[in-house]
Amino acid sequence: MKQSNIKIIFVCVAICLFSETLVFGQSRELIFSSGFEEGTTVTQIDHKDAEIKGTDTLNTSKGNWETNLEGAPNNCEFKIYYQDGDESMRIAKIVPDPINPKNHVALFKIDKPNVFNGVKGRIQANMYNCKEGFKNLTYSIRLFLPKDLDVLKSYPDAFTWFTLMEFWNDAPWVKPETGFRISVGLHKPGKGVDSLKFAIHGQVYNPETKKQGKVIWEETQNNFDVPTGKWMTLKVNFVEGDEAHGRFQLIAVFDKKEIEIFNIHNWTHHPEKTKPDGLTHHNPFKLYTSGKIINYINSKGKSTHVYWDDYEVWDNSNKQ
C-alpha cells in the first residue's frame, strides 16, 4: 500500500474515533458516552433524587458524568428524579443486561405508583438548568422493553400515557407564560388487544389553570410495532424553531435497520415566545406513567420496568 494512502486511512480513523455522522446528515463530535459500566455508580440521595457519578471504564476519554456530560459545552445539571416514594416503590440502579449479563445497563423499575398517593409513577433523568439553551440537540440511547410489558397490549382501553423522553421549552416551573413540552412515549391506540406504538405531541402550558394546555401538534407512528424483549437504539435530534423551522426527529435502529419514527417540522417552542433562547431542560430518558397502568401490570404478575444503555451526546456546532 502506498504511504499516502496509509496517511489518509490513519487520519480517517482518528477522526472517526471522535465524531459520528448521524442519520440527520450532520457530522458532530462525540462529547459524552457511557454504557453504565464499571466505574459508574448510582447513589440514592433522598426520597426525591439520585445521582449518577464516576467514569465508565470502557469510555474513559468521554465517559465522566460530571466533566463530560455536565461540563462544557453542555453546562447542565444531571440528576435522577423520582419526585417521591422510597426504594420499595421505585428504583434506578445499574444491573446486568437482561440479554448479555456481562454488559451493564441502567434499570428504571416502578413496583408501586410513587407520586401523589398512587396517582402516577415516575423515574426520570433530568438534564436541567443548562446555562446556554440548546438550539440544536443530538443524542442517542439504547432502550429495552421487557416482555412484561406485553400485558399492555391487552389493556382494556386505549392509553396515551407512558412517557419515555420529554423536552421542556420552556419549563413551566421556570417560565410558565411560555411553557411548552414535547413528549415521546408508548401509546396503545385502540381498545381490546392492540400493539404498542410510539407517539409524540407538542403542547403548551396553561398558566391560569397551572396544567398542561392545548396540544399544538401530535403524531402516532402506526407503521412500527414497538418491540419487546429486544434492544433498539433511539437517535434524537431537536432543533428549536417555529412552525416552519422547528424540527424533531426520532430514528429507531432495530435489527440492524434504521427506521424513521418521527420527522416533525413544527413548533418546538411556545408559539407566543418571540425570542426563543434554547432548550434548557429535558429528560433524555424516563419512565413516567399512570397508577392505573402500573397497577394493571402488577395485577398480571408482571413488573413496570425498562432498561437503558449506551447514552451518547454529541456536540452542537449551532449552540451559541
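Which residues does Tyr311 touch, not counting residues up to four places away in sequence?

**View 1. Surroundings of Tyr311 in the predicted model.** Leaving aside residues up to four places away in sequence, Tyr311 touches Phe32, Ser33, Ser34, Trp65, Leu69, Phe78, Tyr139, Ser140, Ile141, Pro284 and Phe285.

**View 2. Fold and dimensions of the protein chain.** The protein chain contains three helices and 19 strands. Its radius of gyration is 20 Å, close to the 20 Å given by the globule rule for 320 residues, so the protein chain is as compact as a globular protein of that length. The C-alpha trace spans about 65 × 50 × 40 Å along its principal axes. Of the contacts with a separation of 6 or more, 68% join residues 24 or more positions apart.

**View 3. Burial, surface and charge.** Buried residues account for 54% of the 320 residues. The protein chain exposes about 14,800 Å², of which carbon and sulfur atoms supply 51%. There are 39 positive and 40 negative side chains, and the centres of these two sets lie 3 Å apart.

Conventions:
Residues are numbered from 1 along each chain as its sequence is written. This is a predicted model: local features need pLDDT of at least 70, side-chain atom pairs count only at pLDDT 80 or more; totals for chains, interfaces and linings use all residues. Side-chain values use heavy atoms; hydrogens and water are left out. Helices (H or I, at least four residues) and strands (E, at least two) are DSSP runs, numbered from the N terminus. The radius of gyration is taken over C-alpha atoms; the globule rule is 2.2 Å times the number of residues to the power 0.38. Buried means under 20% relative accessible area, exposed over 50%, partly exposed in between (1.4 Å probe, protein chains only). Contact means heavy atoms within 4.5 Å. Accessible areas come from the Shrake-Rupley method with a 1.4 Å probe; for residues, only the protein chains shown count as cover. Lys and Arg count as positive and Asp and Glu as negative; His and the chain ends are not counted. The place of a charge is taken as NZ of Lys, CZ of Arg, CG of Asp or CD of Glu.
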